[in-house]
Amino acid sequence: MHNPKIETLPVEELRKLQNQRLRQTVQRCYEQVPFYKSLFDEKGVSPGDIKTVEDLHLLPFTKKDDLRKNYPYGMFAVPMEEVRRIHASSGTTGKPTVVGYTQNDLDVFDEVVARSLACAGARPGMKLHNAYGYGLFTGGLGMHGGATRLGMAVIPVSGGMTERQITILQDFQPEVICCTPSYAQTLAETLVKKGIDPADLAVKYAVLGAEPWTEAIRKQVEDGLQVTASNIYGLSEIIGPGVSQEDFEERGTGSYIWEDHFYPEVVDKDTGQPLPHGQEGVLVFTSLTKEAFPVLRYWTNDICSIYYDRDAKRTHIKMSSIKGRSDDMLIIRGVNLFHTQVEEAIHALEYLSPHYRLIVDKKGSKDHVTVEVEDVKGDTGSYDQFTSSLQHQIKNTIGLSMDVIVKTPGSIPRSEGGKLKRIVDNRG
Ligand code: ADP
C-alpha cells in the first residue's frame, strides 16, 4: 500500500476529513467561481448551509454543458499565475472541457496515481511502460507523475506505433504496463501474430482504463500478455486517471474510490435523487481538495453503483465497473442497452473473441442493432451455429433480438492506441 494510514483510515475519520475539506471547497467555489456563486444564490443556499456531505443534496448538479459554457477558463478558482498545468478531456462526446491544476493539485494527482499503481501490483523499483497518450489527455502525464512518485522508472512510450511498443516490451523489460483495455487487446494480439512468447517479457501487471471493459477483455488480456490486469478509472474534470483503482488481489469486486479527495454519490439518472449503496445510477463527484478546478456534484454520466466492502484491504468505498455512459446508452424497443452487456454475452461463448462492435440503424421508426463479432479461430464452417448461439445468448441475458454477423479474426477495427469506438451509430 502506498499510503496505508489514509487507505485504511476508519470510515468515521474519513467522513470527518471529508466534511472539513468539503466546507473549504464550497467556500472556495462560492468566492472564486461566478458560476457557483449564481447557482447558490439562485437556489437560496449559502455556503454555510453545506456543513457535511449529507447536505450536498441541497446543491444542483454541475454538468459537462456548464463547463462548456464557461470554456476555457471560466470555472477556474485561482488566478492563472497559480496554475501549473492545463489539460483537456478527450472530447469523446463533443467539445473538450479544459481543466487546470495548481502545484498542490499536481501533488494530489501524483499521490492518487501512486496509490493506484501500488494497488494494481506495481512496486518502487519496477519499470512502467506508459502507453497512455501524452498531451492534453490526462492519461499519459497523469500516470507518469504517479509512477515517479511511487519510485518507478517511467518509459514514456505514449500511444500508437504498435511494432515499436512490442520492441520496447521485449528490450526494456518493463514489469508494469498501462493503456486502454482495447489497446491491451491489440498488443496481446500482435504478440501472437509475431510469434512472441509472452513468457519472454517481464511484464506482470496491466493497469487498464479510460473506457468501459468487462471480464471478457480481462481474460483475453491476462491470457495474451500473461499479466494480472486491473481497472483504473478517472476523468479529467475530477483529476484524470486515479480517481479509483481495483486491487490486483481483489479483482472483480470493484475499484476503491480515493475518498479523501473525491466524494462520490450515485443518483437516479432521471430524477437525480441519491440512490442507496449497491443500486446502479449515475456517478456524481465532489472534489474535496482541488484548488484550480474544484467541482461540486459533477455529473459524470457514467453508470455504476458504489458500496463498502468490509472484507477488503482498504476502508475506502468501492465502485462497480462502469457499464457505460448514460449518453451512450441505446434504447432499443424500450430496453436500455450498453455495449458492455453484449460484451458479457460474447464472453459466455468461448469460440468468440471480444473483438466486436455494434452497428445501430433505423428500421422504419425502430432502432435496430447488428452485432459484428469475430470468432477465435476463423472456423468459417461453424459461423451459422455461432450466429444463432450468440443471438440466443443475447436474447436470454439482455432480452433483445439482434442481428449477428460473425467475421474472421482481424476484420473488426482495433484500437491503435487510445479509446476504441465500439458503437457505430448510423441513425444520423
Ligand atoms: P472524455 O469524457 O472526453 O472521454 P476523459 O478522457 O476525461 O474525457 O475520459 C473520462 C471518461 O472516460 C469517464 O467519464 C468514463 O466515461 C471513461 N472512463 C475512464 N476510465 C474508465 C474505466 N476504467 N472504465 C470505464 N470508463 C472509463
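This is a predicted model: local features need pLDDT of at least 70, side-chain atom pairs count only at pLDDT 80 or more; totals for chains, interfaces and linings use all residues.
**Ground rules.** I number residues from 1 along each chain as its sequence is written. Local features need pLDDT of at least 70 and side-chain atom pairs count only at pLDDT 80 or more, while totals for chains, interfaces and linings use all residues, and side-chain values use heavy atoms, with hydrogens and water left out.

**Fold.** I looked up the secondary structure and found 11 helices and 21 strands in the protein chain; helices (H or I, at least four residues) and strands (E, at least two) are DSSP runs, numbered from the N terminus. The radius of gyration is 22 Å, close to the 22 Å that the globule rule gives for 428 residues, so the protein chain is as compact as a globular protein of that length. That radius is taken over C-alpha atoms, and the rule is 2.2 Å times the number of residues to the power 0.38. Along the principal axes, the C-alpha atoms fill a box of roughly 70 × 55 × 40 Å.

**Ligand shell.** I found 20 residues around the ligand, with Ser90, Thr92, Ile232, Ser236 and Asp302 the closest; a residue counts if one of its heavy atoms lies within 4 Å. Strand β7 (residues 228-235) gives the most to this shell, namely five residues.

**Polar contacts.** I checked pairs of N or O atoms within 3.5 Å. A side-chain N or O atom of Asp302 is 2.6 Å from an oxygen atom of the ligand. For Lys64, a polar side-chain atom lies 3.3 Å from a ligand oxygen atom. Glu211 uses its backbone: a polar atom there is 3.2 Å from a nitrogen atom of the ligand. The protein covers 97% of the 560 Å² of accessible area that the ligand has on its own (Shrake-Rupley method, 1.4 Å probe).

**Backbone.** I noted a cis peptide bond from Tyr71 to Pro72, with omega near -5 degrees. Pro72 lies in the loop between α4 (64-69) and β1 (85-88). Asn301, in strand β12 (residues 298-304), has a positive phi of about 80 degrees although it is not a glycine.

Technical notes:
A polar contact is a pair of N or O atoms within 3.5 Å; within protein, one must be able to donate a hydrogen and the other to accept it, and residues adjacent in sequence count only if both atoms are side-chain atoms.
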